[in-house]
Amino acid sequence: MNAPTTRRLTVAQALVEFLAHQYTERDGRRHRLISACWGIFGHGNVAGIGQALLESGDALPYLQGRNEQAMVHAAVGYARQCDRLSAQAVTTSIGPGATNLVTGAALATVNRLPVLLLPGDVFATRSADPVLQQLEVPSAGDVSVNDALRPVSRYFDRVTRPEALIPAALQAVRVLADPVDTGAVTLALPQDVQAEAYDWPEEFFADRVWRVARPAPDADALAEAVHAIRGARRPLLIAGGGVHHSEAEEALRAFADATGIPVASTQAGKGSLRHDHPADVGGIGHTGTATADALAREADLVIGVGTRYTDFTTASSTLFAAPGVRFVNLNIAPFDAHKLGAASLVADARAGLEALTGALSGHRVAAAYEAGYRAAKEEWERRVDAAYGAADDSVRPSQTQVLGALDGIVDDTDVIINAAGSLPGDLHKLWRARSRRQYHLEYGYSCMGYEIPAAIGVRLAAPDRPVWALVGDGTYLMNPTEIVTAVQEGVNITVVIVQNHGYASIGGLSEATGGERFGTAYRFRAGDGTYTGAPLPVDLAANAASLGMDVLRAATVGELRAALVKARGANRPTCVYVETETADTVPGAPDAQAWWDVPVAETATRPAAVAAREAYDRHAAGRRRHL
């Protein structure tokens, strides 16, 4: 009997070789599971994973980043653009390199997006103890800073022996490819183990295909859902990010065409229907449209498809106000399908929508209901036009007019990326999504600093699509470093810096909750601790230029339009810098159409806080549990 064929490689070399042979497959289309590895090297990975990546060549391409958190953001942007069928890895040194992964890992796991994290770790043999950057825990010798990644990872393992890599690696890619369990996956790699050689079975390096199934709904659950929909007079469908991940947009369009049921969208689900589809009523929840939120308040049945029902979507459990409202949730994850006491339909979004459409044959909402929401949609579009428009091209634009100028030049191919500040609210209410992956809002974790690295990831996944990173001044200051990466790698993204000299979103929230905008402006501090005078002399455009971008400054609406057109046609990373008008006299986005629960001080001496608490108590009285 012949002995099994083996190959002698280090642990790091074996892991890189293994990853290069992992694939996903859905609907007969195969994808590389791990397309590339981002890395910043230090003593925890330079001689292990670093050497292995060098030796592997094109088998697992290497991408150089500047900030560990930003590398995770870039990988997450890539995975989202690839519908979670392809992902990227991130390797770091031990110590601060590893702990810098935590925020990015949380973002990936919250948003159910796959990313493989490969942080270096301390010596498994304890031959160097403590090693540089080692956290010593007197009561536990097996703890390192990498354990901070456990609660934000969907799978975590520390590979302390070469042979342990085989089950750990297989479990890691299983989770990455699983649409229910996916998120950040961490394999902590002690630096001595990375360099240790072992005789690996050749089977470990064979091509392995992880099939991403489209489970169909249970027949009884489907019948229950169909009965509920047929009996509803004012149904509303909420499209979440799962519609995009499942590539279920056409199935959703067919469902809406057949039934006339209106479709609202979460931040992650926006674009599930084109903005001009008659059934698309826009964003829902605290940052939603008046049309969608009014329908939600009166709905007797809410059909959630691929949504997690965050507090922004439910207006902190105050939005679905009809006394007898019920829920039907179509979700591939049972955890989400059972929320709000729903009749749960555990299935792939596309398969579930197709099954519902077929089972509902001949059913359609009443003509009066359909005519009513279509009229409300037209009225909202007039409000969008008013927010986007500027009477004079020579004036400084407002933030919504910046969006209007961009809206005027993009087509179906463009991708708009944002994550934090006041822009997500304006975009959710106003943006007219033209294609399934045009609207890219990271609002599960709403992480400042996400936009620029994510834009790089999206452009790597979709090199022929114009990619726009929309950032406020606060977000830009958090994480501009990957501009250098974009310049170095020739990744043609456009960064639009919207400068309003402060935290506009939190400033507004502070004012609404009695905080009087304390600590939310970039101003000179006076002797008494207050902020007064002109804005700080900070030139973010000059900073972007110093990092290698071409910079176009726009002072007026007319100049902004010209700059955006030029940037869209550029062949290298470009920045459009615009200072926005913040005066109350300038039209902005419509106010929030629904509440968001941010607790206000129950006792206070300042009148603003006292008044804010009274308003809070009025809103909070409308909260309810749906059981």
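This is a predicted model: local features need pLDDT of at least 70, side-chain atom pairs count only at pLDDT 80 or more; totals for chains, interfaces and linings use all residues.
View 1. A disulfide is a covalent bond between the sulfur atoms of two cysteines. With a cut-off of 2.5 Å between the sulfur atoms, the count of disulfides comes to zero.

View 2. The secondary structure of the chain comprises 24 helices and 25 strands. Its radius of gyration is 26 Å, close to the 25 Å that the globule rule gives for 627 residues, so the chain is as compact as a globular protein of that length. The C-alpha trace spans about 75 × 70 × 55 Å along its principal axes, and 56% of the 627 residues count as buried. Among contacts with a separation of 6 or more, 76% are made by residues 24 or more positions apart. The chain exposes about 24600 Å², of which carbon and sulfur atoms supply 53%. There are 57 positive and 70 negative side chains, and the centres of these two sets lie 4 Å apart.

**View 3. Glutamine 81 in helix 3.** Glutamine 81 is found in helix 3, which covers residues 68-81, and with a relative accessible area of 11% it is buried. When neighbours within four places in sequence are left aside, the residues in contact with glutamine 81 are Val415, Arg437, Val458, Ala461, Ala462 and Arg465. Leucine 187, by comparison, is 106 residues from glutamine 81 in sequence, and the C-alpha atoms of the two are 24 Å apart in space.

**View 4. Helix 5 and the elements that cover it.** In helix 5, which runs over residues 102-110, the buried residues include Gly104, Ala105, Ala106, Leu107, Ala108 and Thr109. The cover over the buried residues of this helix includes helix 3, strand 7 (115-121) and strand 9 (184-190). Arginine 112, which follows helix 5, has a positive phi near 60°.

**View 5. The cis peptide bond at proline 130.** Aspartate 129 and proline 130 are joined by a cis peptide bond, with omega at about 5°. Proline 130 lies in the loop that connects strand 7 with strand 8 (155-158).

**View 6. Phenylalanine 255 in helix 10.** Phenylalanine 255 lies in helix 10 and counts as buried, at 0% relative accessibility. Not counting residues up to four places away in sequence, phenylalanine 255 touches Leu237, Gly260, Ile261, Ile303, Leu353, Leu356, Thr357 and Leu360.

View 7. Although it is not a glycine, glutamate 247 has a positive phi of about 55°. Glutamate 247 is found in the loop between helix 9 (241-245) and helix 10 (249-259), where it is buried, with a relative accessible area of 17%. Leucine 340, likewise a residue other than glycine, has a positive phi near 60°, and it lies in the loop between helix 13 (334-337) and strand 17 (343-346).

**View 8. Glutamine 401 in helix 16.** Glutamine 401 lies in helix 16, which is made up of residues 399-407, and it is buried, with a relative accessible area of 6%. Once its neighbours within four places in sequence are set aside, glutamine 401 is in contact with Ala387, Tyr388, Gly389, Ala390, Arg396, Val557, Leu560 and Val586.

Conventions:
Residues are numbered from 1 along each chain as its sequence is written. Side-chain values use heavy atoms; hydrogens and water are left out. Helices (H or I, at least four residues) and strands (E, at least two) are DSSP runs, numbered from the N terminus. The radius of gyration is taken over C-alpha atoms; the globule rule is 2.2 Å times the number of residues to the power 0.38. Buried means under 20% relative accessible area, exposed over 50%, partly exposed in between (1.4 Å probe, protein chains only). Contact means heavy atoms within 4.5 Å. Accessible areas come from the Shrake-Rupley method with a 1.4 Å probe; for residues, only the protein chains shown count as cover. Lys and Arg count as positive and Asp and Glu as negative; His and the chain ends are not counted. The place of a charge is taken as NZ of Lys, CZ of Arg, CG of Asp or CD of Glu.
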